[in-house]
Amino acid sequence: MPNPVINFAESGAERVDSRLADLPDRVVEGDPQHSNQQHFESTDGALIAGTWTSTPGRWHAFTDRDEFCVILAGHCRLIADDGTAKTFMAGDAFMIPNGFRGYWDVIETTTKHYVIRSYTPTED
């Protein structure tokens, strides 16, 4: 039987709340609080999709992944290590490619839908 289509509004995914300060090497500014509902995970765990909310703050972006986002509410920026910044608000959609190095900067509480494909870092 094929997998059913997942409607995020009806998935019944459990909400998981976290405080990014629990990962102190990531936080640059503020005390961002996160709420996440993961609606989908592939059998190999490399692809996930869900809905995420963060309160204001700035932190190092996670790496070794591709992430597609659609902002549902709020105001945030992605700031690359070279200082270039892109601002996003409700209705914006964007892709963060594997290899991005920089920061998430949540200016006002932001909610997004996301799809993430993770990569295992290669060892040289």
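**View 1. Trp 104, a buried tryptophan of the predicted model.** Trp 104 has a relative accessible area of 5% and is therefore buried (under 20% relative accessible area; exposed means over 50% and partly exposed in between, with a 1.4 Å probe and protein chains only). The model is predicted, so that local features need pLDDT of at least 70 and side-chain atom pairs count only at pLDDT 80 or more, whereas totals for chains, interfaces and linings use all residues. Residues are numbered from 1 along each chain as its sequence is written, and side-chain values use heavy atoms, with hydrogens and water left out.

**View 2. The stacked pair of Trp 59 and Trp 104.** The ring centres of Trp 59 and Trp 104 are 6.5 Å apart, with 20° between the planes. Rings of Phe, Tyr and Trp (its six-membered ring) pair if their centres lie within 6.5 Å; planes under 30 degrees apart count as stacked, over 60 as edge-to-face and the rest as tilted. The pair links distant parts of the chain, 45 residues apart: Trp 59 belongs to strand β5 (residues 57–60) and Trp 104 to strand β9. Strands (E, at least two residues) and helices (H or I, at least four) are DSSP runs numbered from the N terminus. Trp 59 counts as buried because its relative accessibility is 2%.

**View 3. The aromatic cluster and its tilted pair.** Trp 52, Trp 59, Phe 88, Phe 94 and Trp 104 form one aromatic cluster. The count of aromatic pairs comes to five. Among them, Trp 52 and Trp 104 form a tilted pair, at 5.6 Å centre to centre and 45° between the planes. Trp 52 lies in strand β4 (residues 47–54) and Trp 104 in strand β9 (residues 102–118), 52 residues apart. Trp 52 counts as buried because its relative accessibility is 10%.

**View 4. Charged groups over aromatic rings.** The charged end of Lys 112 sits over the ring of Trp 52, 4.3 Å from its centre. Arg 26 lies over the face of Phe 62, 3.8 Å from the ring centre. A charge sits over a ring if NZ of Lys or CZ of Arg is within 6 Å of the ring centre and within 35 degrees of the ring normal.

**View 5. Asp 64, a residue with positive phi.** Although Asp 64 is not a glycine, its phi is positive, at about 60°. Asp 64 is located in the loop between β5 and β6 (65–80). Asp 64 counts as partly exposed because its relative accessibility is 25%.
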